[in-house]
Amino acid sequence: MNQGITIRFGAAHYSLSLDTGPSFDMSAMDKTKRYELRRALIEGLKRYGYFGKKEQRRAVFRARQKAAA
């Protein structure tokens with residue numbers, strides 16, 4: 001399963017880029033923004049079943065709860 005996500009770490013790069021969307025230079029972000037970006041990435045992967053069906057169901061449930069609130 002290819003999600004089209006590239007995460008680059010190293011001396012010259014600290015970025016996250018998506019094939020179908022934007023790129024984020026994480027070195028220019030503060031700690032809170034980097035955390036929010038990583039959490040959003042992980043939630044998105046969970047929602048589309050990257051970590052398995054159980055996590056996918058949990059992520060959809062969390063999204064529904066958040067939308068209802």
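The following questions and answers concern a predicted model and the reasons behind the terms applied to it.

Q: Why is K46 called buried?
A: K46 has a relative accessibility of 16%, and buried means under 20%; K46 therefore counts as buried. K46 is found in helix α1, whose buried residues are L37, L41, L45 and K46.

Q: Which elements do the buried residues of α1 pack against?
A: The partners are the strands β1 (5-9), β2 (14-18) and β3 (23-25), together with helix α2 (53-68).

Q: What makes the span of helix α1 close to the expected one?
A: Helix α1 covers residues 31-47, which is 17 residues. From its first C-alpha to its last it reaches 24 Å, close to the 24 Å expected at 1.5 Å a residue. Just after α1, G49 takes a positive phi of about 80°.

Q: Which residues are in contact with K46, leaving aside its neighbours within four places in sequence?
A: K46 is in contact with R39, F51, E55, Q56, A59 and R62. In each case, the criterion is heavy atoms within 4.5 Å.

Q: Why is the pairing of K46 with E55 called a salt bridge?
A: The closest N and O atoms of K46 and E55 are 3.7 Å apart. A salt bridge requires a side-chain nitrogen of Lys or Arg within 4 Å of a carboxyl oxygen of Asp or Glu, so the pair qualifies. Both K46 and E55 are buried.

Q: How is the packing of α1 and α2 described?
A: Two packed helices are described by the angle between their axes and the distance between the axes. For α1 and α2 the angle is about 115°, and the axes are 7 Å apart.
A further description comes from the composition of this contact: its residues divide into 3 nonpolar, 1 polar and 5 charged. On the α1 side they are E43, K46 and R47, which meet E55, Q56, A59, V60, R62 and A63 in α2.

Q: Why is E43 classed as partly exposed?
A: The relative accessible area of E43 is 24%. Buried means under 20% and exposed over 50%, with partly exposed in between, so E43 is partly exposed. E43 lies in helix α1 and, not counting residues up to four places away in sequence, touches A59 and R62. The C-alpha atoms of E43 and Q56 are separated by 9.1 Å, although these residues stand 13 residues apart along the chain.

Q: What makes E43 and R39 a salt bridge?
A: Their side chains meet at 3.7 Å, N to O. The limit is 4 Å, so the pair meets the criterion. Being 4 residues apart in helix α1, E43 and R39 are separated by about one helical turn. R39, at 32% relative accessibility, counts as partly exposed. Salt bridges that share partners join R39, E43 and R62 into one network.

Q: How do you know that K33 and E36 form a salt bridge?
A: The closest N and O atoms of K33 and E36 are 3.9 Å apart. This value falls within the limit of 4 Å, so the pair is counted as a salt bridge. Both residues lie in helix α1, 3 residues apart, about one turn of the helix. K33, at 48%, is partly exposed, and E36, at 42%, counts as partly exposed too. By this rule the structure has 5 salt bridges.

Q: Why is the pair of Y50 and F51 called edge-to-face?
A: A pair of aromatic rings is described by the distance of the centres and the angle of the planes. The structure holds 1 aromatic pair. The rings of Y50 and F51 are 5.2 Å apart, centre to centre, with 90° between the planes.

Q: What makes S15 a buried residue?
A: S15 has a relative accessible area of 18%. Since buried means under 20%, S15 is buried. Its place is in strand β2. Leaving aside its neighbours within four places in sequence, S15 is in contact with T6, I7, R8, F24, D25 and M26.

Methods. Residues numbered from 1 in each chain as written. Predicted model: local features only at pLDDT ≥ 70, side-chain atom pairs only at ≥ 80, totals over all residues. Heavy atoms only, no water. Helix = DSSP H or I, 4+ residues; strand = E, 2+ residues; numbered from the N terminus. Expected span 1.5 Å × (residues − 1). Buried < 20%, exposed > 50% of the residue type's maximum accessible area, 1.4 Å probe, protein only. Axes fitted to C-alpha atoms, helices over the stretch in contact; angles between N-to-C directions. Nonpolar A, V, L, I, M, F, W, Y, C, P; charged D, E, K, R; others polar. Phe/Tyr/Trp six-rings, centres within 6.5 Å; stacked < 30°, edge-to-face > 60°.
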